[in-house]
Amino acid sequence: MQRLLRTAVWDADAVRDDLRGFVAVRLGDPAEVLIPDETGSMKKGMCSVGVHSQSSGTAGRIENSQVGVPQLRLSTQAGADRPVVYLPRSSVGDPQRCTAAGIPASAQFMTRPDLTLGTTTGAVAAGVPAEWAA
């Protein structure tokens with residue numbers, strides 16, 4: 001599965017758009033709430049994309065981890081977006097590590113709030129029905 005996810009050629013944004021459209025049509029309700037949900041995975045070593053000593057809600061402390069920011073959920077628990085791996089400034093600034101982890105040279109540092117804002121505004125622009133965001 002990891003080899004498939006790393007080497008298969010597919011458009012993650014297009015898959016997200018298809019899933020988001022399905023969720024909006026099948027489960028959407030104007031009274032729903034958009035909920036950005038940051039998810040952390042504790043990691044050993046530094047080879048995985050975005051691994052860094054950072055605050056992780058999963059660990060409840062600063063820990064060597066990989067953080068997905070955010071998976072946007074509707075209050076129905078249906079996903080409205082895909083998680084984006086947060087790349088710490090130190091990861092983006094290390095070209096050798098980026099190349100080894102498969103991070104494109106065009107990757108730029110973005111704060112977690114900026115990633116959350118982009119995901120939320122993208123869902124609203126795509127017509128995901130929601131009354132407000134939490």
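Mentor: Aspartate 13 is partly exposed, at a relative accessible area of 34%; buried means under 20%, exposed over 50% and partly exposed in between, with a 1.4 Å probe and protein chains only. This is a predicted model, in which local features need pLDDT of at least 70, side-chain atom pairs count only at pLDDT 80 or more, and totals for chains, interfaces and linings use all residues. Residues are numbered from 1 along each chain as its sequence is written, and side-chain values use heavy atoms, with hydrogens and water left out.

Trainee: Which residue meets aspartate 13 in a salt bridge?

Mentor: A salt bridge is a side-chain nitrogen of Lys or Arg within 4 Å of a carboxyl oxygen of Asp or Glu. At 3.6 Å, N to O, the partner is arginine 16.

Trainee: Is arginine 16 buried or exposed?

Mentor: Arginine 16 also forms a salt bridge with aspartate 17, the closest N and O atoms being 2.9 Å apart. Aspartate 17 is partly exposed at 38% relative accessibility. For arginine 16 the relative accessibility is 19%, so this residue counts as buried.

Trainee: How many salt bridges does a search of the whole structure find?

Mentor: Besides those of arginine 16 with aspartate 13 and aspartate 17, glutamate 63 and arginine 61 meet at 3.0 Å, N to O. Salt bridges that share partners join Asp13, Arg16 and Asp17 into one network. The search of the whole structure finds three.
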